[in-house]
Amino acid sequence: MLRLNSHPSGRHFLQIPGPTNVPDRILRAIDHPTIDHRGPEFQTLAKKVLAGIRAIFQTRSPVVIYPASGTGAWEAALANTLSPGDAVLMYETGHFASLWKKMAEKLGLVPIVLGGFEQGSWRRGVDAAAIEARLVEDREHRIKAVAVVHNETSTGATSDIAAVRRAIDNARHPALLLVDTISSLASIDYRHDEWGVDVTVGGSQKGLMLPPGLSFNAVSDKALAASKSARLPKSFWGWDEMLAANANGFFPYTPSTNLLYGLSEAIDMLLEEGLSNVFARHARHAEATRRAVRGWGLEILCTNPAEYSNTLTAVVMPKDAQGKHHDADAFRKVALENFNMSLGQGLSKLSGWVFRIGHLGDFNDLTLAGTLAGVEMGLALAGVPHRAGGVQAALEYLRETAPGARRSPQRKVA
Ligand SMILES: *Cc1c(COP(=O)(O)O)cnc(C)c1O
């Protein structure tokens, strides 16, 4: 039986694709007395994180920080830029894209949805050509925004945001570009300015290695201009008061002070490692994970190798003799109870037949090795048919691509 007050020895392996494992350095940074958020010490902290977070979004534009989960920042992106009845072109890459669409409907917007589970779009990224074609049809410019998810956390597919930008430009369409980067920020290359994104939505608990509780809107000049005439109701989410207060290093209401200590530390850690090294680390661990999955003879949910996610891998459970998928949740339960490791469940239409391995955030080769060992042993204990050798394939790749292997001449191992 799992008890909340139990203390199994060793670290829990939190291998869901967010929240992710919070490193000691960040835990220590958060573990300080809460200070007056209207005082000078706070002002110094706020100025530092408000400047530093721009580097993470690769933008010169302001980034608004909310004391909220990612869902709040989704709402802020829509509420600040759009008016009741506005059409929004959305692309259904999976569970998170469809949740954002449902939110748009509840707010009084009119989503136009491309893709769909039946068309296989839950196994790929967005089709930029389809977006372009739909925008070309919209001669009266009724569509006010295009909203897409950069890294679909339910499926493990990453979309080409630069291609979506080109699609909008090719169609000569004035729609805003809104992008959710909640599970890719600080793990997969993401360029708010270069890709011409108008509002980027981020969250604290994935690549930023923080606990849940902060979320972000990076705001382009065009989005800011749109916010002046946008008529969806908003108060808490309004950018105007936030940006005015932020200009002096303050917030219009009480911010998550201790999480901001953590954010300051997270930004330091990411910039010390170097963003390009952070992205390369995630790419390497993702490749090792896929080699393990193939080694087990299991199927990766994402069908387009060019769009494989570097932060998580969704795995399809094999079928039994009756053609029914083995139970993904029973397998995850075995992994948790035996090896103290949480794996991601299949969400909505993927429930029961897909599980997800999170490999993002504070992560190194041996964390990955432990994770994959837990999966391999869990598959065996749960009676899921698979080949041996997945972990071995991943370890070989990690060894061959280790910094030491790159520097010294390759020694052949028999
Ligand atoms: C996690 C996630 C969300 C939801 O964020 P919450 O912090 O749970 O509100 C939205 N979109 C994507 C792509 C995510 O990965």
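Which helix gives the most to the shell around the ligand? Helix H3 (residues 70–81) does, with three residues. The model is predicted, so local features need pLDDT of at least 70 and side-chain atom pairs count only at pLDDT 80 or more, whereas totals for chains, interfaces and linings use all residues. Residues are numbered from 1 along each chain as its sequence is written, and side-chain values use heavy atoms, with hydrogens and water left out. Helices (H or I, at least four residues) and strands (E, at least two) are DSSP runs numbered from the N terminus.

**Ligand surroundings**

- The ligand is surrounded by 13 residues, a residue being near a molecule if one of its heavy atoms lies within 4 Å of it.
- The closest of these residues are Ser69, Thr71, Thr153, Asp180 and Lys206.
- The shell comprises four nonpolar, seven polar and two charged residues; Ala, Val, Leu, Ile, Met, Phe, Trp, Tyr, Cys and Pro count as nonpolar, Asp, Glu, Lys and Arg as charged, and the others, Gly among them, as polar.
- For polar contacts, the criterion is a pair of N or O atoms within 3.5 Å.
- An N or O atom in the side chain of Thr71 is 2.5 Å from an oxygen atom of the ligand.
- The side chain of Asp180 has an N or O atom 2.6 Å from a nitrogen atom of the ligand.
- For Gln205, a side-chain N or O atom is 2.7 Å from an oxygen atom of the ligand.
- Taken alone, the ligand exposes 380 Å², of which the protein buries 88%; accessible areas come from the Shrake-Rupley method with a 1.4 Å probe.

**Seven-stranded sheet**

- Seven strands form an open sheet in the order E2-E10-E9-E8-E5-E3-E4, and the pairing is mixed; two strands pair if DSSP finds at least two bridges between them.
- Strand E2 (63–66) and strand E4 (110–114) are the edge strands, each pairing on one side only.
- From one strand to the next, the twist averages 20°; axes are lines fitted to C-alpha atoms, for helices over the stretch in contact, and angles run from 0 to 180 degrees between N-to-C directions.
- E2 and strand E10 (residues 215–219) run antiparallel and are joined by four bridges, and Tyr66 stands opposite Ser215 in E10.
- H3 packs on this sheet, touching E2, strand E8 (176–180), strand E9 (199–203) and E10, and its direction makes about 165° with that of E9; contact means heavy atoms within 4.5 Å.
- Helix H5 (residues 128–137) also packs on the sheet, where it touches strand E3 (87–91), E4 and strand E5 (143–149), and its direction makes about 170° with that of E5.

**Five-stranded sheet**

- An open sheet of five strands has the order E1-E13-E14-E12-E11, with mixed pairing.
- Its edge strands are strand E1 (13–15) and strand E11 (299–300), each of which pairs on one side only.
- Strand E13 (residues 341–345) runs antiparallel to strand E14 (residues 354–358), and two bridges join them; Gln345 has Phe355 in E14 as its bridge partner.
- Helix H12 (residues 365–381) lies across E1, E13 and E14 and runs at about 85° to E1.

**Backbone features**

- The peptide bond from Gly18 to Pro19 is cis, with omega near -5°; Pro19 lies in the loop between E1 and helix H1 (24–30).
- Met209, a residue other than glycine, has a positive phi near 65°, and its place is in the loop between E9 and E10.

Note on methods:
Polar contact = N/O pair within 3.5 Å; in protein donor to acceptor, adjacent residues only side chain to side chain.
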